[in-house]
Amino acid sequence: MSSLPRRVKSEAKALTSEDDELPSFLNSSSESEEEEEEWEPKSKIAKRPQLPKKNEAKTKKVAAPRSAVARKKVKKAAIKEEMDVSLPIPPAEDNRMQLLEPKEEDVGTKPKTLNQKPEVPKKMEINSFQGKKVKSLENDEEPSTSVPVVGNQVKHEKSEEDFAFDEPPFKKIKSTTCPEGKPVKNLGGNKVKEEFEMNWDIVQALSEITNVESWVCANLIRLFQEENTIPFIARYRKELINNLEADALREVQQTLEELRTVAKKTHTMIQKLKKEGKLSGCLLTALLNCRTLEELDHVSAPYKTGSKGTKAQRAKQLGLEPAALSLLQNPMELNLFSYIRPNTKGLSTIQEVEAGVQHILADIFAKDKDTLDFIRKLCQQRYICIQSALAKVSSKSGNEKDIDKFQLYHEFSCNIKNIQHHQILAINRGENLKILTVKVNIPDGVKNEFCWWCVNERWRPKQFLKPELMRILRNSVEDAYKRLIYPLLCREFRSKLTSDAEKESVMMFGRNLRQLLLTSPVRGRTLMGVDPGYKHGCKLAIISPTSQILHTDVVYLHSGQGFREAEKIKRLLLQYNCSTVVIGNGTACRETEAYFADLIMKKYFAPLDVVYCIVSEAGASIYSVSPEASKEMPDLDPNLRSAVSIARRVQDPLAELVKIEPKHIGVGMYQHDVSQTLLKATLDSVVEECVSFVGVDINICSEILLRHIAGLNANRAKNIIEWREKNGPFINREQLKEVKGLGPKSFQQCAGFIRFNQEYIKTFCSSKKAELGSHALLTKAGAQGKKKSKPTPCASRQPNPLDQTCIHPESYSIAMRFLSFIGGNANDIGKSDMQQKVNAVIQKEGLEGTAKKLNTTVHTLQLIIDGLTQPEGFDIRTDFDKPDFKRSIVCFEDLSVGTVLTGKVENATPFGVFVDIGVGKAGLIPVRNITEAKLSKVKKRRSLGLGPGERVEVKVLNVDIPRLRITLDLIRVL
């Protein structure tokens with residue numbers, strides 16, 4: 001057993017001593033003194049167990065202390081190296097332990113890889129078109145992909161000292177077979193852990209809460225500790241995370257943060273209570289058992305500064321604690337009359353003494369882990385419901401409109417196991433507005449069974465109890481339940497339901513945002529953006545297929561001048577050969593749509609075949625007055641900027657929408673009621689994921705788009721743009737290393753998501769060669785020439801065909817071996833010949849067989865195949881929906897039950913999906929009408945169910961004209 005906790009510790013940042021402590025704490029949760037002794041030494045002697053623990057690998061131990069010292073001396077450098085370690089995830093072989101058990105099958109194949117390792121580099125040199133670069137990358141690649149397999153190999157990436165993936169890792173592997181690197185890392189992790197050591201194992205806790213296997217949780221803890229980004233992990237570390245989706249990774253990350261917050265706050269409280277001298281062994285155990293902030297508050301509330309103290313504390317101050325403990329341990333010798341002090345308040349009568357003893361016992365019961373575990377388990381088996389009713393105050397004085405909004409919840413009751421997330425958020429909002437009162441109803445049966453168990457099982461006295469003492473014990477249990485445990489359970493249930501509902505709301509917002517951002521771009525069209533308005537007119541902006549602003553104007557369509565303005569619009573459309581109009585969905589949208597639909601029906605714009613579409617203008621007005629918009633369009637009036645933004649949202653939704661703060665795009669549910677910190681973190685992460693997975697062309701993308709690439713931030717993006725302006729376009733990914741502030745870790749995270757247009761680079765390189773030839777003499781002499789050649793050696797000036805793919809530089813060596821294996825050429829990437837060669841080999845050898853021959857994993861090989869066979873300029877968004885272009889309009893009054901229409905999903909919520917069917921008001925498809933059978937099997941789905949941007953065919957089920965509500969049934973997804 002002793003080695004097991006040790007492994008957990010090194011692997012997952014789990015607290016070492018946690019595991020050792022677990023058994024003892026379980027056996028004696030109420031024996032506080034023992035616990036106190038156990039815990040204190042740990043914080044002091046934390047390092048001692050580490051060294052002796054592994055008798056098998058003493059050499060490793062020696063390395064660990066050394067590296068720890070080194071780290072102290074050279075803090076910054078050491079930290080950077082540690083962060084760079086991308087694959088260290090699996091610690092040394094023996095440490096691998098069961099956390100990574102599922103991968104054990106692979107483990108058999110990996111040892112072979114180790115033996116073959118020296119040969120691989122040689123082959124690489126022969127096949128590589130870039131010689132040295134590919135070789136060094138291979139060293140790193142293998143560890144990264146085969147990580148789950150061999151702990152020792154994994155170490156490659158750890159010491160990326162010279163930048164990303166170069167020789168240092170290789171040398172280290174050969175000489176020290178990774179022990180050195182590993183302890184450094186684990187030591188760092190253990191230090192953090194020891195500060196926040198708890199009575200539970202963070203890996204197991206994380207696994208239980210998220211339902212993710214414990215070995216995956218262990219890997220993820222390390223990956224996050226090494227500052228790997230979610231897009232990087234989701235794409236390039238699939239074998240370590242069991243192929244989890246980005247949403248699941250985000251959930252694990254958030255849960256991990258919550259657990260760490262609990263541990264940190266617990267230890268802060270422990271230190272505070274130690275200073276104040278209030279820390280008893282029993283209290284320490286109770287604190288270290290806390291897994292949630294609610295539990296922590298429950299245990300620590302009486303000891304907070306400013307607290308007047310609990311009834312139990314006041315009774316203890318009067319000296320009644322020995323009497324209470326005696327009642328449980330040695331009741332035969334207990335004489336309560338001896339505690340009476342006639343002149344002391346609280347001890348003057350036998351009733352007051354009994355009440356004091358009762359309060360102390362109730363406090364002991366309510367903070368005992370076994371007791372709380374029993375009542376929680378009991379509640380899981382019973383019918384617990386949450387009830388809401390109209391508040392008496394609000395029914396007298398309140399806004400009737402607001403009260404009507406919560407009509408569904410005026411007399412509402414639901415089992416907490418079945419209640420929906422949107423119902424919880426609605427009830428919470430009603431309660432905050434003082435319109436509803438909410439309570440959790442726990443049946444009396446739970447209380448009766450709990451009280452019987454306490455008296456007859458858990459707290460049964462060790463000797464015979466006189467009737468009057470038995471009465472005190474029963475009263476204490478009832479008091480503990482009614483005054484302390486029941487309120488705690490209500491808080492826990494409400495908190496858990498609210499937390500889950502908030503997370504679901506945020507995840508739903510994230511899924512909707514992802515679908516919006518990944519809407520297929522409309523390339524190659526000249527577009528007219530229209531920002532509708534009444535009094536101040538409709539703002540127009542015409543943009544070219546490359547997003548350049550060709551013309552801006554204002555027309556007054558709704559003030560009696562519509563016919564005259566039609567001439568101007570027609571002239572502009574013909575002048576710029578523009579046949580697509582994009583209308584924002586804000587004020588006057590409906591009238592503007594009717595205006596254009598009428599002109600189109602009359603063929604007014606002939607010979608142009610004009611179509612229009614409606615696009616959300618959420619956030620456009622905020623963006624139009626932002627510093628970014630002023631910098632991008634300095635000479636344009638803010639009102640006209642919003643028309644430009646509306647047009648660009650159709651041309652390239654991703655590039656335009658990243659300029660706006662995600663929460664302003666408004667595709668969620670109750671987003672103002674949820675934790676704004678969680679919402680911002682999740683949405684920013686979704687934006688980063690979308691931008692990274694789509695990829696950006698480093699030589700033409702904007703600074704704003706670059707900021708959202710995994711591993712980059714505002715400063716690094718700015719430095720890349722400055723480097724590009726000073727030195728000309730980037731030729732290959734290696735040149736990114738020359739950018740100021742872009743270290744090995746940043747390079748590793750961002751490199752796979754940055755693309756290079758090979759045609760453009762080849763043209764640039766050939767023109768540059770001609771220039772250099774004609775100015776050869778000048779280049780030799782001047783100091784400027786020296787400066788230029790220093791950061792950009794000849795080798796790094798060569799274009800690399802793999803840079804246009806999603807293949808990561810760490811896998812280039814394997815990609816080149818695969819190319820030679822199939823007899824392909826790097827210059828044929830994306831061509832049909834390449835597809836045929838790949839298919840032929842995979843059909844013959846199989847994916848797994850080919851991966852074994854190349855000493856890599858199936859996930860890495862699949863990524864390489866995708867990169868080599870996808871056509872040049874491949875965009876993952878091409879599979880997704882384009883905007884819905886129309887020529888005519890339908891009115892609300894035209895709708896009748898049974899009408900079949902097509903529409904576009906506007907928003908998705910847990911209770912249904914809102915669809916824009918072109919009548920100015922979105923209809924709702926209730927969630928019960930969306931079944932698996934109606935969803936397309938062929939189409940690549942971006943998330944479960946329907947999401948914004950998808951086109952659907954629907955049937956009208958009900959039209960409520962007074963309330964402007966339309967109920968729809970889903971027929972099929974188009």
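Predicted model: local features only at pLDDT ≥ 70, side-chain atom pairs only at ≥ 80, totals over all residues.
Sheet first. Five strands make an open, mixed sheet, ordered β6-β5-β4-β7-β8. The edges are β6, residues 549–555, and β8, residues 611–615; each pairs on one side only. On average, neighbouring strands are turned by 20 degrees against each other, ignoring direction. Strand β5, residues 538–543, runs antiparallel to β6, and 6 bridges join the two. One detail there: Ile542 has His551 in β6 as its bridge partner. Helix α28, residues 562–575, lies across β4, β5 and β6, and runs at about 175 degrees to β6.

Now the cores. The largest nonpolar core has 112 residues. Which of them touch the most other members? Leu220, Ile241, Leu287, Leu706 and Ile720. Take Leu287. Beyond its neighbours within four places in sequence, Leu287 contacts residues including Met198, Met269, Leu296 and Val299. Apart from this core lies another, of 62 residues, with Phe374 and Leu469 among them.

Next, charges. The count is 42 salt bridges. Asp363 pairs with Lys367, closest N and O atoms 3.2 Å apart. Both of those residues are buried. Lys369 pairs with Asp373 at 2.8 Å between the closest N and O atoms. Those two sit 4 residues apart in helix α22, so about one helical turn separates Lys369 and Asp373. Lys369 is partly exposed, at 23% relative accessible area. Asp373 is partly exposed too, at 31%.

Last pair: Arg707 and Glu628, closest N and O atoms 3.7 Å apart. Arg707 is in helix α35 and Glu628 in helix α31, so this bridge ties together parts 79 residues apart in sequence. Finally, shared partners join Glu295, Lys369, Asp373, Arg376 and Glu492 into one salt-bridge network.

Notes:
Residues numbered from 1 in each chain as written. Heavy atoms only, no water. Pairing = 2+ DSSP bridges. Axes fitted to C-alpha atoms, helices over the stretch in contact; angles between N-to-C directions. Contact = heavy atoms within 4.5 Å. Core = buried A, V, L, I, M, F, W, Y, C linked by side-chain atoms within 4.5 Å. Buried < 20%, exposed > 50% of the residue type's maximum accessible area, 1.4 Å probe, protein only. Salt bridge = Lys/Arg side-chain N within 4 Å of Asp/Glu carboxyl O.
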